[in-house]
Each structure stands twice: as C-alpha cells, then as structure tokens.
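The structure is shown first.

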Amino acid sequence: MNKPTAREGATPLRGRNIKTIVNAGLARRHAAERRFRWYGLIAISLGLAFVVLMFANIIGKGSPAFWQTYIRVPISFDAAALDPEGKRDPQALASADYAALVRAGLRQMFPAVEGRLPLRALSALTSSDAAYELQRRVQDNPGLIGTQQEVWLLASAAVDTFVKGNIDRSLPEAERPLKDSQIEWIDQLRAAGKIERQFNAVLFRNGDSREPEQAGIRGALMGSFFTLVVTFLLSFPIGVATAVYLEEFAPKNRWTDIIEVNINNLAAVPSIVFGLLGLAVFINFFGLPRSAPLVGGLVLSLMTLPVIIIAGRAALTSVPPSIREAALGMGASKLQMVGHHVLPLAMPGMLTGSIIGMARALGESAPLLMIGMVAFIVDVPKNFLDPSTVLPVQIYLWSDLPERAFVERTSAAIMVLLAFMILMNGLAILLRKRFERRW
Amino acid sequence: MQPLLLLTLLLLSVGAYHLGRKRAFAVAGGQIRNLHSLPGFYGFYAALWCGLPALAVLALWAIAQPGILVNWVVAGLPPELQNLPPDRLNLVVNDLKNLVSGNFVSSASDPVMVEAANRYRQLRAIGNAALWVAVLSFAIGGIAYAWRAISPALRARNRVEGIINLFLIASSTVAIFTTIGIVLSVVFESLLFFRQVPVSEFLFGLQWSPQTALRADQVGSSGAFGAAPLFAGTLLISGIAMLVAVPIGLMSALYLSEYATPKFRAFAKPALEILAGIPTVVYGFFAALTVAPLIREIGAAVGLHVASESALAAGLVMGIMIIPFVSSLSDDVINAVPQSMRDGSYALGATKSETITRVLLPAALPGIVGSILLAVSRAIGETMIVVMAAGLSANLTANPLEAVTTVTVQIVTLLTGDQEFDSPKTLAAFALGLVLFAVTLILNIIALRVVRKYREQYE
C-alpha cells in the first residue's frame, strides 16, 4: 500500500516527494481510521447491549412471578362448624371460622405434628388468603357445606420462594424464612404431587397487599387507566385545538411567539416541577382530593400537551397548501377548510403523536409522587376520585420492599408496564405506516 | 359530580341541533338558497345557545354551592360552636362533612352534630334540585331564544365560527397559564420559605438536615437548610451520567450517520431509541437492584469501600438513559452539516475519520454543545433513578463511591407524606423546585438558542 509506485516519467521530482510523504503516513492514518470506526461500533454496541441487558434482567427476574405455588389441601366443609343453625344465612357464612378449616386440613395431611409451635409452623405453609378463598367458595356455592373437597390453596410467600429455588436450604435455620420442619413438609408434599405452580391470577385480580403472595396490580392498572382517560380527554382536544390555532389561524406576532416559546420550554421542564404545580394549584388552591386519578390526569395532561401540540403542528404542516387553496377556492370558510379537509388529513399524524404522548404519561411517576398517589391502597379504585396509585408508582413502592417475592412481583409489574408501552408504541407505528401519505 | 345532569344537557343540545335545523328550513320556506348559512350552522347555533349558558350556570353553581351550604349550616349551629376559633370550627365542619358522607366519626353520637348533618343533607338535596331547575330552564330558554332568532338573514355560520375561534384561542393559552402556574406556585411558596431561611444560607450553606423536631426543646429542632451539598450531589451524579452518555451517544451518532449501512442504521437507530421510551422507574429499579450491588461487589473485590447507594450506580444508569437523547440530537445536528463540506474534505484526500474530527465536528460543535446542554438539563431534573438508587444523606463529597443526595430526591422526600404547609420543611421543597426550574429553564433557553442559531447558519 505504501510502496512508491513506478510512474517516474509522469511525475515531477517535487511531486514524488509529497507522494512519499503522504504514503509514509498512510499506514498510520488508516490505522487511525480503523480505530475510529471501532470506537463508533463499540459505542453503539454498548448502547444496544444495555437495551438487551435491561430486558434480559427484568424478564429473568419477573417471569417466575407469573406462576404461583399452590398446595392441595383436603378440606371438610363441616356443617357443624360453618353453619351450626343450618339456615345458610349469608351473615353466618361470612363470619364462620374458615382458618380453622385450613388448619384442620393441614393437620389431616400431617397427623404426626403435635404441639402449639409446630402446628403454627404448619399452618404458616398456606397464605392467610387461603381462609378467604374458602369463604368465597362457600358463599358462591353453599352446596359445598357438608362435603369433603381437595382444594388448591395459595401457599405463603416463603414457600413460594423456596419452591422457586430462591432459598438456600444449606443456610442455617435461623437465617432463612423457613424452618427445617417446614422444608421437610414441603418435600413430602412435593413427592406426593400436592404442591404445584399455577398461573398467578392473583397478580391480576388483587390490589396491593402487605403479603407478597396476595399483592396484585389490579388497583394500579385501574388507577393508571382512570388517570390516562382524564389525561387523554383533556390533552387531546386542547392539544389539537392549539396546534390548529397556531398553524392555521394565528397571526405571526409577539403573542403567538410567546405561546410558541412557552410550549417549547414546557416540553423540557423536569416532570417533578409539574408535580409541584399540581400540589400547589390543584390540591392546595382548588382543594381537589389527594391521590385521586383526576388530579393525576390533570397534571399529566399538562405534561403531555406540548408533545401533542408539537406532533399536531408537524402533522398539519405536512398537509400540502394546495388542499387548503382548493377548499378556499370552492368557497369554504377558513374553519370549514380546516374542519372538512385539513384536519381529517392530519388526524393520523396527530393520533400517532398523542399515543406516543400517552405512552410517556403511562410511564411517568415522579409528578404523581407529589400529589399523593404513593399511598398504600388495597382497594381497587372504581372512579376518578377514589384514592389510587398507578402502575409505575406501584413498581416504585414494591421496589422498596425487601422480600424476594416482592422483587419478583416488581419485575413482573415492570413487564406488564413495558408490554403496555410496547403495545401503544406499536399501535402508533402501525397507524403511521397505515395512514402515512407522501404528497 | 352531576353526570346525569350533564348527560341530560348533552341530549338537550342534540335535540336543539335538530330543532335549529328544522327551524332554518321552515323560515326559509324549504329553500336552502334563501338562508345565509348552511342549515347545519343554524342547528349548531341553537345547540350552543342551549348548552353554553346552562354549562356556565352549572360551573358557577358547583363552585359556589359547598361554601354557601357550609355557611348556612354553621349559622344554624348552637352559638357556643359558632364562636369557636376558625381552626377549631374547621375541624367541626370536617367532622360534619364526614358524617354527611356516611363515614364513621367520633361525634356521631352528638345530637347537635347529627341534627346539623341532617340539615346539611336537606339543604344539599334542595340545592341539587334547584340546580336541575336552573340548568334546565337556562337550556330551554336558550333553545327558545335561538328558535326566535333564527331567520334567513341570521349570520349563523359567523356566530358559530366565532365561538369555535374563541375555543381555539383559549386552548392555545393553556400553555401560557401552565407556565404562569408553575412560576407562581413555586415562587410563592419559596418566598414564604425565604422569609424563614435567608437566601444566602439556602444557596451556600453546607448543612442540610430538614428534619425538624416535633418538640421545640429537642436537639436540632431548627433544621438546617444549606442546599450546597444537594447541588454538589446533583452535579456529581449528572457529571457521571454525562461521562457515560456523551462519548457513547456522540460516537453512536457519528457511526450511524457516517459509517453505518442504511440497513444497519434502520435497525440500530430505533433499537437505541428504545432506551428513551423505557419508564424511568424501570431504570431506577435496575440501578438499585442490579447495578448498585454489582458495583459494590466489584469494589469489595478490589478492596474499595463502596456505599450501597453510591453516586456511581445512579450516575451510570442515568447515563444509559440519556444516551438516546445525546445520540438523536447530535444525529440531527450532524446531518445538518452540508454534504459539500464533507466532499471538499474527501477531495483533499482526508480519510473519513479525519473528515469527521477536523471538518464535521468543528462545524457541528455549537449544535452538539446545545444538545449536550439539553441532556444535562434532563439529567439534573431526572427524579426516579436518583430517588430509587441514590442516598438520602446530604454528603458534600466528590467521591463517586459514596452516597450523595440530589435536589429532586429531597423534593420527593420532603413532600411525600407531609401534609402541613407552613413548616419550612415543606416549603424548602418548593425553594428547591424553584432552583431546579430556573436552572433547567436557563439551560434549555441557551441550548435552544445555540441550536437554532447554528441551524440558520447552514440553511
């Protein structure tokens, strides 16, 4: 490569000199070129590696949470214990001692266990939800009373963690959540096929709970849903109207300049500042209730507005002026031109922008911490004023809890959140692909 | 609030639309050409007259009713209750409201309270009935007015379009009101704070311990509000983040725009932008549960003490989050450099990397600086990662292995849970918010100006 070429006659002496100088440096320069190229490649592979690493990490941690351990317990729905008066009175059925049934069932499986402490350890194998499960079954079907049934009952979080292989049995007894006797029982149950992992419906059915095996994301999902509905109902019409006004009607003057600068700045204001605004204005000044999806939606819609406005303006500018001129030429008023022709053509672009804005609002949590959507709320919210939390905040709350089972659930909640975000962004891409028009 | 009433109003408006249209046909003798506007506009005209005044009444009523009701009920209370100091009276009213909404309260057995609650319920029922009457009569009155006003010469289109125009203008001012709202809420509370803590102490003080004691005689009851350690912590974490994000982001952008084949670019660019779409709470979880323990183990292996909530972990993960901001912004900037400059450099025999470092980067430098500034402002304002992965204790240190705290972390910890609004502890959060808002605003304005100026240069 850096061999001097043999074209003596054509090149003057001085030129050859330059050529040798250049050729002498070529190897170094090409090496530098290759190095630079490698830096670039390394940088981009690092970035992509982070994406893969994060997803692998979350999925690896979270996917076990979609299965939950259940224990098959023989339960005798003793009529004398449940409904001594035999009237099937709902009140009596609701207040019967179902925990005793669970305890009796467990004892039936391990008749050798004696003494208060060992018995307590035995009943700690099942979750405290087991009693409520039996109660639900009896209330749904009072015919169960007086029968013998084998029932799959929710195991406690410690058992679940052990069955998933996350508790080291070689640790000293004091350092693990399960006693030696309990591990022995679990082994016996496993050998008898009476312990099993089933799909974790609890995760999608329950609200938050202090007991990991009973904690679910239903409440957070409903909270997110109500919040996003408010966000969309407020930010979409206002955003579209602003985009239409600025793009189609507004005169170019100082006032519209101020509006534009404002919108651009709002897009870059840290989200937590919006939380301060929500706290000071909506909660303290207007006295709206804390922790309500209504307030969360108000705050998030102010945050989402700039995104929708900017996307909306881009969509409006992509509609060619000839359409406007044609409409005006046919005698349409300016509003008719916008409403009948420009807006329908720009709508797919606006919707795409709004969906992306909604996806961002779905993942937002910092401003919601400010307005009290971080409370521990067990009940699933039923309307826009019920105290509630949202999915990202639920993730934040759970991530603080030390139990291994909660780490798993946090990752599972993240997977659900990411699935929703992928869904929304996928919808936006689909919309763009399907309706995008090149003029 | 009153969903049924709103629904009724909506249905009435739909009815008004059809009535208005019919009326327009009738007054025009069935000939559209006699009308000034299309019949639909007369319909909208009637619908607006039906809906808007009634909605205004509804809104005013909803704002005024609770206050008036409370006043009337309080006026009906026995004098010894009425003459309580305002804050005690507030408690009584709160009890009353809880009683009315059926919650259990301690005073449930008090006959005076029960009676007052009954009165409240009664008044509220009367008020709601009156509201229905008022709103519906306004709606029907509006329809009647529109019915009479519709004539072939009525400029219905202009009227309707005027209203829509007003709506458009009002919508576009929301952005301004949001900014005003942010500034006012932050500044107002900050002023209250600075009345208790001097500005100089807040900005330059080295002690930060906002936890005020419950009793006045406890040690450290005054609290210390020197925010310098917070600023230092924020800068440290943001600095680490930029050390990660700028080289990786910039080199990725250069590689993607100068070297990558179109196919690779089409795959890698969106894949990298996934990083920007991941919620920050996920990054926080990743930082706190994966990266921080990892760094600690590595530190322990080489004999370094690493705090479990080290600045390094938060900064590293924040850097990963910011990579796509830097890369996509610099990508735009690099693509804006005219091709002729590259061609000129190649024609002189420069290699690609020489063209990039000697022509492209100097030409794109202002834009790149702008995009880095935007990324810095993003890093400073980032909340969830630091809340979950950075510490709470305000250390004034430059050692990335120690735990530091940031402005955003303190805002969150000061404002979650605490309800009272007059303690310096709560107000301090707003002062921190003011600093945060001002700094990010200035950074953004500079960055946007630099980028815009630079873009104009090549247009």
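The model is predicted. Chain B contains 17 helices and 2 strands. Its radius of gyration is 32 Å, well over the 23 Å that the globule rule gives for 459 residues, so chain B is more spread out than a compact globule. The C-alpha trace of chain B spans about 85 × 80 × 40 Å along its principal axes. Of the 459 residues in chain B, 41% are buried. Among contacts in chain B with a separation of 6 or more, 73% are between residues 24 or more positions apart.

Chain B and chain A touch through 65 residues from chain B and 64 residues from chain A. On the side of chain B, helix 7 (residues 174-196) gives the most, with 10 residues.

Helix 6 of chain B (residues 156-172) has 17 residues. From its first C-alpha to its last, helix 6 of chain B reaches 25 Å, close to the 24 Å expected at 1.5 Å a residue. Which residues of helix 6 of chain B are buried? They are Ala156(B), Arg157(B), Val160(B), Leu168(B), Ser171(B) and Ser172(B). Seen down the axis of helix 6 of chain B, the buried residues fall within an arc of 135 degrees, so they line one face of the helix. Asn158(B), Gly162(B) and Leu166(B) are exposed on the other side of helix 6 of chain B. The cover over the buried residues of helix 6 of chain B includes parts of both chains: helix 10 (218-249) and helix 11 (254-266) of chain A, and helix 2 (39-76) and helix 7 of chain B.

Chain A is assigned domain 1 (13-63), domain 2 (65-206) and domain 3 (218-435). The centres of domain 2 and domain 3 of chain A, taken over C-alpha atoms, are separated by 45 Å. Their contact takes 10 residues from domain 2 of chain A and 8 residues from domain 3 of chain A. On the domain 2 side of this contact, helix 7 (157-163) and helix 9 (202-205) of chain A each supply at least two residues.

How values were computed: Residues numbered from 1 in each chain as written. Chains lettered and ligands numbered in written order. Predicted model: local features only at pLDDT ≥ 70, side-chain atom pairs only at ≥ 80, totals over all residues. Domains from an automatic or database assignment. Contact = placed C-beta atoms within 7 Å. Helix = DSSP H or I, 4+ residues; strand = E, 2+ residues; numbered from the N terminus. Expected span 1.5 Å × (residues − 1). Buried ≥ 20, exposed ≤ 12 C-beta atoms within 10 Å, placed from the backbone. Arc of directions from axis to C-beta. Rg over C-alpha atoms; globule rule 2.2 N^0.38 Å.
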